[in-house]
Amino acid sequence: MSIRVEIPHAISRYSDEETQVSLEGSTVGEVLAALWERFPKLKTRVLNREGNLHAYLLLFRNDQKLPRANIGDQPLTEGDRLEIVALAEGG
Amino acid sequence: MGNENGHEATKSPADFEIKSFAVNLSDQTIQPQTLPCEDLEDVFGGIARGFKLLETCPIDDAYAPNATLILNLGLLSGSDFMTGLRTYFHAYSPLKTSLSGKPSAMWSAGSGKFGTKLRHLGINEVLFTGRCDKPTILHITREGDGEPQFAFLNGSDLVGHKVNHKIQTLHKQFPEAHFAVIGPAGENYEKVRYAAIALSTENQLKSGDQKSRWCGRGGMGGVMGSKNLIAIVADIKDRVGPKAPKELKPLNVEVARGKGSARFRDKKKANGGGGTWANYEALNPVHAMPEMNFNPTGTIVSLPLYRDNVEALGPYVVKDESCFRCGISCHKNVYDEVLEEKNGKLKSKPDKYRAKLDFEPLNLLSSNIGIFDIDQACILVELVDEMGMDSISIGTTLSYAMEYNRRHPENKIADGMSYGDFQATHDVIEKIGTGQMELLGQGVMRMSQELNEPGYAMHSKGMEYPAYLPQTNPGYPWALAGGHMSMRTYLLVLYERETNLDYWVEAITKRGLSILRDDFTGVCKFAGLPDDQMADAIRVLSGLDVTAESLQQIIRRTFLRGYRLEKRQGFTDEDYVMPAEAHEEYPQIDLPYFNTREFFQELKPRVMARFNEMLEEEGMAV
């Protein structure tokens with residue numbers, strides 16, 4: 001199924017400045033794997049050495065924040081929007 | 001400004017005018033002018049226009065009566081664009097100074113509803129010169145579509161009072177108005193160089209709580225105080241303009257619900273990151289968050305200050321509140337918790353308002369001065385606001401003094417205040433704000449020069465660093481330091497981890513400047529719209545023919561104008577430096593160590609050369 005993935009400007013340098021891509025997958029883990037395949041350098045900017053989401057990033061599905069624990073197992077449905085949000089910011 | 005709604009966006013700068021008012025406070029005369037816009041900078045206002053004006057009135061003393069204090073709006077200030085609430089003050093700063101001793105051009109921006117009222121008054125800019133012979137309230141009104149009327153009222157009764165008292169007192173007298181006021185620090189400007197200007201909000205007037213918004217940086221409150229101007233009252237009933245164009249709605253929805261503002265929105269509703277306070281949970285795990293004068297402890301000592309822990313441990317309620325007509329709800333306001341029984345169940349409710357906790361004031365007035373208790377943090381944040389001071393400058397100044405005392409136990413300053421000493425810190429803040437502790441009121445640059453220990457004085461060009469580690473941001477010296485950092489390089493190493501010279505030259509001279517955009521559009525940085533959508537909003541609301549590319553061009557020209565202003569005020573290569581200890585290695589920071597002395601020595605000439613090239617390219621060479 002097709003999932004729209006949104007990438008924040010803060011790390012879009014590693015996605016060839018793309019901030020929106022459509023990828024296939026039925027879980028968050030599958031979609032992220034497809035994301036790393038397309039943009040290999042992005043992986044270490046999103047996941048830490050332990051394979052968990054960096055503390056300064058959040059992951060939203062359809063505007064709802066996903067829990068950090070077992071994030072890869074979260075199921076997705078056709079048309080879902082997966083959004084990486086850069087948490088650290090000032091102003 | 002002649003910005004009647006036009007959807008075709010065919011207007012050029014020549015189609016716009018500036019309603020400008022020169023106010024001479026010495027003889028209390030007003031000179032109204034309607035000026036044609038010469039370029040996009042004039043049309044946009046904010047610092048794009050403010051810097052142009054400051055170029056025409058250089059001075060050697062920020063507090064001289066002939067110094068100019070500029071108040072203006074951005075193009076979308078007071079418009080139907082969500083977050084279009086910004087008011088700007090510009091002047092030569094008493095704080096930001098070249099090594100040759102001349103003050104530098106500065107600005108500070110704040111939200112609140114004051115700017116909207118100025119828009120309703122038909123005012124784009126006011127240029128203040130001179131000095132009132134007694135404490136004065138400037139009262140501005142307008143009848144119908146007539147010209148604004150200015151009256152000079154005696155403000156002596158407000159002198160000595162804290163910010164919220166002043167605003168609430170004025171509110172009783174002028175119930176339709178909004179206000180720009182200074183606190184005790186601004187009145188004691190000769191002893192406090194980082195006084196701020198408070199702008200009133202709807203929430204503040206309705207609740208009676210201290211919920212001002214702030215033009216904090218650079219000592220603009222001191223410049224206002226030096227003119228004996230205690231308050232500006234924008235007194236006019238809200239006006240209902242023409243119906244907003246339908247094209248604006250999706251853009252406002254994007255601001256309120258889109259990804260640009262997601263990190264600032266309401267955490268409880270699970271659709272937001274929780275505001276800048278969330279930087280605690282983002283930065284502390286890699287120990288990239290200031291503690292103990294920008295020297296992270298590498299421990300979990302700041303954990304009690306995380307929002308989740310504050311709410312879990314209580315007894316506090318955190319409410320996500322918002323500015324006038326803004327859907328982002330970025331304000332994270334802390335209240336004492338009260339439990340009320342309802343249907344046999346206890347329900348948590350907010351009681352007394354305590355403080356608005358943004359990352360910068362919270363961090364610099366708690367973790368960075370060794371305070372890890374949220375109750376104490378709320379008291380200090382609130383006190384600094386009530387005294388009318390910039391929380392960044394005073395926080396960094398306090399941490400320097402504490403570090404000095406740690407290193408010199410036999411020769412302490414500031415009443416012997418030490419890290420974590422809440423009561424002493426509280427008393428010192430009051431003394432600074434009332435002009436009784438000039439050593440600290442002068443800011444960290446001057447204090448460290450006087451104590452002959454500049455190595456850990458965390459500033460560039462006299463502007464204290466905000467709550468992002470200088471060890472990770474070699475761009476600080478070139479920041480114009482107007483908004484909190486004004487150089488979008490402060491979190492790059494967190495997100496991108498790049499450490500090579502080419503990358504940093506490009507980051508500082510290109511990407512770093514982008515943070516300036518909303519210092520002239522009139523909208524809040526938290527709106528988070530990309531340039532193309534921002535250009536859409538401007539076209540829809542003003543009819544101005546503008547594109548993402550032209551926005552970038554104005555950003556570039558505005559930065560270069562600010563850089564040129566620094567040169568004209570005597571800044572040389574020697575001014576663009578960082579404190580020595582910012583270049584040292586801190587193994588506890590879990591980010592690449594790269595900003596060594598050697599790295600910076602190689603970086604600096606390349607950055608300076610590139611900026612000089614850019615000045616040439618724009619025909620703006622000094």
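Here is a walk through the interface of chain A and chain B, and then through some strand pairing in chain B. This is a predicted model, where local features need pLDDT of at least 70 and side-chain atom pairs count only at pLDDT 80 or more, while totals for chains, interfaces and linings use all residues. Residues are numbered from 1 along each chain as its sequence is written, chains are lettered from A in the order in which they are written, and side-chain values use heavy atoms, leaving out hydrogens and water.

Let's start where the chains touch. On chain A, 26 residues are in contact with 33 residues of chain B (contact means heavy atoms within 4.5 Å). Together the two chains bury about 2500 Å², with 52% of that on carbon and sulfur atoms; buried area is the accessible area (1.4 Å probe) lost by two parts on being put together, summed over both.

The rule finds 2 salt bridges across this interface, each a side-chain nitrogen of Lys or Arg within 4 Å of a carboxyl oxygen of Asp or Glu. Arg13(A) and Glu496(B) meet in a salt bridge, at 3.9 Å from N to O. On chain A's side, the elements giving two or more residues are strand 3 (57-61), strand 4 (64-65) and strand 5 (81-86); strands are DSSP runs (E, at least two residues), numbered from the N terminus.

Now for chain B itself. Strand 1 (residues 17-24) runs antiparallel to strand 2 (residues 29-36), joined by 8 bridges (strands pair if DSSP finds at least two bridges between them). Val23(B) has Ile30(B) as its bridge partner there. In this hairpin, with 4 residues between the strands, Gln28(B) takes a positive phi near 55 degrees. Strand 1 of chain B also pairs with strand 6 (residues 125-129), in the parallel sense over 5 bridges, and Ser20(B) has Glu125(B) as its bridge partner in strand 6.
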